[in-house]
Amino acid sequence: MPYLTRPVVPAGTLARTPQPTLPTGDGLLLRPWQPQDAPAVHAAFQDPLMHQWHIRSCDSEEEAAGWIGQWQQEWRGERQAQWAVVAADGDELLGRVALRDIVLGDGVAEVAYWTVARARGRGVAVRATTALSRWAFEEVGLHRLELSHATANQASCRVAGKVGFAPEGIKRSALLHPDGWHDVHLHARVRGD
């Protein structure tokens, strides 16, 4: 049965090119993950705050290396796009920003991010998410980006607001963390916001 509309973004738009490096314009770079990032990813996940707001742990550098390999494959499969957020002048890992659950035909994806402990409070997540959103709308042609977080994660809520993701509501008991079920704030930006 044919669709009545064309795909918002044609299949192959991401996979036919190498994953780009995206400058924020203010001292950060979003660059594709590299195998040598595994020790830094593993170290980032030893932070207790990561365990509070993320549902995965990372028990070894080998596991982190496996994640990086998976992230690279997901670019080619156009399912996810993950970047290391680094200092432009030294390649120090400061965090991660990603598009998850990409559906090119519908023009939608979910934004996700984290920062390492030493980078918090420096606007890293805001700057990285701003650069990623600009690229997703202007270069790729996506129409809608969603961002969700546990309602108790006020820092993530502030990031969403600063980047222009409007609050759209609360999904009740939508995310299972080690301490139980959490309600989730849903935010979104659409092209032209």
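I began with Asp101, which at 54% relative accessibility counts as exposed, where exposed means over 50% relative accessible area, buried under 20% and partly exposed in between, with a 1.4 Å probe and protein chains only. The model is predicted, so I note that local features need pLDDT of at least 70, that side-chain atom pairs count only at pLDDT 80 or more, and that totals for chains, interfaces and linings use all residues. Residues are numbered from 1 along each chain as its sequence is written, and side-chain values use heavy atoms, with hydrogens and water left out.

**Backbone angles**

I looked up the phi of Asp101 and found it positive, about 50°, although this residue is not a glycine; Asp101 lies in strand β4. Most residues other than glycine have a negative phi. I then turned to Glu78, which is not a glycine either and has a positive phi of about 60°. Glu78 sits in the loop between α3 (61–76) and β3, and at 13% relative accessibility it counts as buried. I also noted Asp91, which takes a positive phi near 65° in the hairpin of β3 and β4, where 5 residues lie between the strands.

**Overall fold**

I counted elements next, and the protein chain has 5 helices and 8 strands; helices (H or I, at least four residues) and strands (E, at least two) are DSSP runs, numbered from the N terminus. Along the sequence they follow the pattern β-β-α-α-α-β-β-β-α-β-α-β-β. The radius of gyration is 16 Å, close to the 16 Å that the globule rule gives for 193 residues, so the chain is as compact as a globular protein of that length; the radius is taken over C-alpha atoms, and the rule is 2.2 Å times the number of residues to the power 0.38. I recorded a C-alpha trace that spans about 50 × 40 × 35 Å along its principal axes. Of the 193 residues, 46% count as buried. Among the contacts (heavy atoms within 4.5 Å) with a separation of 6 or more, residues 24 or more positions apart account for 60%.

**The sheet**

I traced the 8 strands through an open sheet of mixed pairing, in the order β1-β2-β3-β4-β5-β6-β8-β7, where two strands pair if DSSP finds at least two bridges between them. At the edges stand β1 (22–23) and β7 (166–177), each with a single partner strand, so one side of each is left without a neighbour in the sheet. For β7 I found an antiparallel pairing with strand β8 (residues 180–190) over 8 bridges, in which Leu176 stands opposite Trp181 of β8.

**Strand β3**

How many residues of strand β3 (residues 81–87) are buried? I found 7 of the 7, so β3 is largely enclosed by the rest of the structure. In a regular strand the side chains alternate between the two faces of the sheet. In β3, Ala81, Trp83, Val85 and Ala87 point one way and Gln82, Ala84 and Val86 the other way, and all are buried.

I then checked the partners of β3. Strand β2 (residues 28–32) pairs with β3 in the antiparallel sense over 5 bridges, and Val86 in β3 is the bridge partner of Leu29. Strand β4 (residues 93–103) also runs antiparallel to β3, joined to it by 6 bridges, and here Val86 stands opposite Leu93 in β4.
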